[in-house]
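Welcome, and take a moment to look over the model below. We will go through it step by step, from the overall layout to single side chains.

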Amino acid sequence: MELPSGVVSIENAGVSQILTVEGTVTRYLDELYRFALHMTRDHDRAQELTQECIVRALKNRDRITRNPKAWLFRTLYNASVSEYRRQFSRKTFNVQAEALV
């Protein structure tokens with residue numbers, strides 16, 4: 001059964017949304033990396049954060065609604081903050097463990 005023009009089937013809607021997210025990520029990839037590099041001042045960590053942002057974008061493509069660029073940059077920022085907190089808590093834990101020894 002053929003659909004009227006302008007109507008997209010559920011199967012095709014998912015595929016087109018993936019393409020939209022991939023296109024958006026591709027468009028802003030350099031800017032995302034530069035932003036991550038600015039925050040971390042480390043090439044390897046910037047690449048990891050950028051990759052984490054892309055993975056989150058692909059996993060949560062249904063949640064990206066109004067402004068994909070803002071969503072991507074906010075996701076990258078949040079990933080950076082989460083990484084910083086994990087590193088800080090590890091350092092604090094190590095210092096406390098050494099004090100007990």
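The paragraphs that follow start with the fold and then turn to its details.

This is a predicted model, in which local features need pLDDT of at least 70 and side-chain atom pairs count only at pLDDT 80 or more, while totals for chains, interfaces and linings use all residues. Residues are numbered from 1 along each chain as its sequence is written, and side-chain values use heavy atoms, with hydrogens and water left out.

Let us begin with the overall layout. The protein chain has 3 helices and 0 strands, giving the pattern α-α-α along the sequence. Of the 101 residues in the protein chain, 21% are buried. Buried means a relative accessible area under 20%, exposed means over 50%, and partly exposed lies in between, using a 1.4 Å probe and protein chains only. Among contacts between residues at least 6 apart in sequence, 58% join residues at least 24 apart; a contact means heavy atoms within 4.5 Å.

Which residues of H2 are buried? They are Ala46, Leu49, Thr50, Cys53 and Ala57. Seen down the axis of H2, these buried residues fall within an arc of 100°, so they line one face of the helix. The arc is taken from the directions that run from the helix axis to the C-beta atoms. On the other side of H2, Gln51 and Lys59 are exposed.

Next comes the interior. In soluble globular proteins, nonpolar side chains tend to be buried together. A nonpolar core is a set of buried Ala, Val, Leu, Ile, Met, Phe, Trp, Tyr and Cys residues joined through side-chain atoms within 4.5 Å. The largest such core here has 14 residues, of which Leu32, Ala57, Leu72 and Leu76 touch the most other members. H1, H2 and H3 are the elements that give two or more residues to this core, and the largest share, 5 residues, comes from H1. Leaving aside residues up to four places away in sequence, Leu32 touches Thr50, Cys53, Leu72, Phe73 and Leu76.

Now for the charged side chains. Side chains of opposite charge can pair when their charged atoms come close. If a salt bridge is a side-chain nitrogen of Lys or Arg within 4 Å of a carboxyl oxygen of Asp or Glu, how many are there? The count comes to 3 salt bridges.

One of them joins Glu31 and Lys69, with their closest N and O atoms 3.6 Å apart. Glu31 lies in helix H1 (residues 10-40) and Lys69 in helix H3 (residues 68-100), so the pair ties together parts that are 38 residues apart in sequence. Glu31 is partly exposed at 29% relative accessibility, and Lys69 is partly exposed at 33%.

Another salt bridge pairs Glu83 with Arg45 at 2.8 Å, N to O. This pair links distant parts of the chain, with Glu83 in helix H3 and Arg45 in helix H2, 38 residues apart. Glu83 counts as buried at 12% relative accessibility, whereas Arg45 is partly exposed at 25%.

There is also a salt bridge between Glu52 and Arg56, whose closest N and O atoms are 2.9 Å apart. Both residues lie in helix H2, 4 residues apart, about one turn of the helix.

Thr40 is found in helix H1 and counts as buried at 11% relative accessibility. The side chain of Thr40 reaches the backbone oxygen of Ala36 at 2.9 Å. Not counting residues up to four places away in sequence, Thr40 touches Arg45, Ala46 and Leu49. Arg41 lies in the loop between H1 and H2 and is exposed, with a relative accessible area of 66%. Most residues other than glycine have a negative phi. Arg41 has a positive phi, near 60°.

Conventions:
Polar contact = N/O pair within 3.5 Å; in protein donor to acceptor, adjacent residues only side chain to side chain.
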